[in-house]
Amino acid sequence: MAKPTPLQFRNILVAVLAAAAFVWSVAAGLEWWVSAIIGCACVLSLASAYLNRPNAG
């Protein structure tokens, strides 16, 4: 398995933080749209990490 690039590492870190924020927002009872935005940030960060893998294109 190839070593992740710095951009991938950053995206994975943001995805982990967004996942933690999503769990917190649901547990804290925030509005549903706040949790949806945080969830989208997690999914987009994971997608970016996947698309920016070495030899992707």
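Predicted model: local features only at pLDDT ≥ 70, side-chain atom pairs only at ≥ 80, totals over all residues.
Ser45 itself lies in helix α2. Buried or exposed, then, is Ser45? Its relative accessibility is 10%, and the cut-off for buried is under 20%, so Ser45 counts as buried.

Now the two helices. The protein has two helices and zero strands. Helix α1 runs over residues 6-28 and helix α2 over residues 32-51. Their axes come within 8 Å of each other and cross at roughly 160 degrees. Angles over 145 degrees count as roughly antiparallel, which means α1 is roughly antiparallel to α2. As for handedness, the crossing of α1 and α2 is left-handed.

Which residues make the contact? On the α1 side they are Gln8, Asn11, Ile12, Val14, Ala15, Ala18, Ala19, Ala21, Phe22, Ser25 and Val26. On the α2 side they are Ser35, Ile38, Gly39, Ala41, Cys42, Ser45, Leu46, Ser48 and Ala49. How do these residues divide by type? There are 13 nonpolar and seven polar residues in the contact of α1 with α2, and no charged ones.

Next, the ends. Pro4 is found in the segment before α1. With a relative accessible area of 43%, Pro4 is partly exposed. Pro4 and Asn52 are 48 residues apart in sequence, yet their C-alpha atoms are 9.3 Å apart in space.

Finally, the protein as a whole. What share of the contacts with a separation of 6 or more comes from residues 24 or more positions apart? The figure is 63%. On burial, 19% of the 57 residues count as buried, and Ser45 is one that does. On overall dimensions, the C-alpha trace spans about 40 × 15 × 15 Å along its principal axes. The radius of gyration is 13 Å, whereas a compact globule of 57 residues would have one near 10 Å.

Note on methods
Residues numbered from 1 in each chain as written. Heavy atoms only, no water. Axes fitted to C-alpha atoms, helices over the stretch in contact; angles between N-to-C directions. Helix = DSSP H or I, 4+ residues; strand = E, 2+ residues; numbered from the N terminus. Parallel < 35°, antiparallel > 145°, perpendicular 65-115°, else oblique. Left-handed = near helix turned anticlockwise from the far one by under 90°. Contact = heavy atoms within 4.5 Å. Nonpolar A, V, L, I, M, F, W, Y, C, P; charged D, E, K, R; others polar. Rg over C-alpha atoms; globule rule 2.2 N^0.38 Å. Buried < 20%, exposed > 50% of the residue type's maximum accessible area, 1.4 Å probe, protein only.
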